Amino acid sequence: MCSLLLFAGCAEAPKAPPRKAEIPVYPPAPDTPRFYYERTIRSSADVTADDKDSSLRRALTGENRTGEGLDKPYGVAARNGRIYIGDTAARNVIMFDLNAKKYKRIGTEDPGAIRMPLGIDLDADGNLYVLDATLKKIFVYDGEGKYLRTMAQDIKWSRPVGLTVDSASKRIYAVDAGGVDSTEHKVRVLDLATGKLLLEIGSRGNGPGELNLPRDVAIGHDGLVYVVDGGNFRIQVFDKDGKFVKTFGGIGRRSGQFARPKEIAVDREGNLYVVDTAFANVQIFNPDGQLLLDLAARGDNDGPGRFMLPSGVAVDADGRVYLVDQFFRKMDVFRPAGLPATARYGDPLAPQAPATAAKTAPPAVR
């Protein structure tokens, strides 16, 4: 009996079952959800189909599935479930086809070999445009990654960083960030077919229509040009001919303000998604510059919806948001609440709820 009691006293207490990780919701309860965290993509293993033999071997041996991962991702573009991510360390663009479950690297060989892919976008035909910051030119590929041509190699760039394609106006808008000792802080507008320089938007300064270390550019559904004016901590808005229209944002720690704005994207409703690396999130604004919502948050440890150095952002036709993080070497996917979880990537199967601006004073960004 004593032995039994001694054994019982040494027995390990039963452990509580592990808590299931909560799926981040934006905004959190009790507010009505508008976005859900959906998944994280780190490597080809998160996208490509698994074969039965490999799956059985891992089940027997306990080994983890591995794949080709992201080294230092930066920019991203999305179209119908095809996601293109520029990897500045690997010196190429990675294509993840989420519907076909395919993976491919683009720009690894001449002609069309990439050195520093920053600005990335797609035209109406699905062709890929990559602004190379080191080679200071634009490479064009088809949707499968076949090299087509090179553009803008004759332009005297200072620090090319961001790019967007406006198929409707047959133009490319490319951002030149300039530098501390440079006056080339502007957006260069190029002909989509030839790469010929059509006009330049902005000049260095902090006044209306002036830019300081611009980072990225996007075209709204209203045809206006939205420029991330990084050094002035704001978004500047121009018409297609480069005439200043308005500005919103400013330096600060509160939502709706900026500390280190980087890239910008537009959804099908015309809302603007602005990455702020210092806040480690994406702030969503309507076309008038009114804050709608924050997505993601800073985290010292990696996790769903947690970021340390977010950079690129893209929005697909279905409203899914793709946010890249350089530090954690990943891309998180956020699904709009109005879209079924089973919806095919890129297919707008459900109407999105109308966006409304926050009615109360925004909280400080944490």
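Biologist: Which ring does Arg320 lie over?

Modeller: Arg320 covers the face of Tyr345, at 4.1 Å from the ring centre. Please keep in mind that this is a predicted model, where local features need pLDDT of at least 70 and side-chain atom pairs count only at pLDDT 80 or more, while totals for chains, interfaces and linings use all residues. Residues are numbered from 1 along each chain as its sequence is written, and side-chain values use heavy atoms, with hydrogens and water left out.

Biologist: How many aromatic pairs are there, and what makes Phe96 and Tyr103 a tilted one?

Modeller: The structure holds nine aromatic pairs. Rings of Phe, Tyr and Trp (its six-membered ring) pair if their centres lie within 6.5 Å, and planes under 30 degrees apart count as stacked, over 60 as edge-to-face and the rest as tilted. Phe96 and Tyr103 have ring centres 5.6 Å apart and planes at 40 degrees, so they are a tilted pair.

Biologist: How do you know whether Phe96 is buried or exposed?

Modeller: Buried means under 20% relative accessible area, exposed over 50%, and partly exposed in between (1.4 Å probe, protein chains only). Phe96 has 1%, so it counts as buried.

Biologist: What can you say of Phe248 and Phe285?

Modeller: They form a tilted aromatic pair, 5.2 Å centre to centre with 50 degrees between the planes. This pair links distant parts of the chain, 37 residues apart: Phe248 is in strand 18 and Phe285 in strand 21 (residues 281–285). Phe248 is buried at 8% relative accessibility, and Phe285 is buried at 1%. Elsewhere, ring pairs link Tyr26, Tyr37 and Phe334 into a cluster.

Biologist: What makes a run of residues a strand, and what makes two strands a pair?

Modeller: Helices (H or I, at least four residues) and strands (E, at least two) are DSSP runs, numbered from the N terminus. Two strands pair if DSSP finds at least two bridges between them. Strand 17 (residues 234–238) and strand 18 are joined by four bridges and run antiparallel, so they pass that test. Gln236 stands opposite Thr247 in strand 18.

Biologist: Why are strand 15 and strand 18 called edge strands?

Modeller: Four strands form an open, antiparallel sheet in the order 15-16-17-18. Strand 15 (214–219) and strand 18 (244–248) each pair on one side only.

Biologist: How is strand 25 covered and paired?

Modeller: Six of the six residues in strand 25 (310–315) are buried, and the strand is mostly covered. Strand 25 pairs with strand 26 (residues 321–325) in the antiparallel sense, over four bridges. Val313 stands opposite Leu323 in strand 26. Between these two strands the hairpin has five residues, and Gly319 there takes a positive phi near 95 degrees.

Methods:
Lys NZ or Arg CZ within 6 Å of the ring centre and 35° of its normal.
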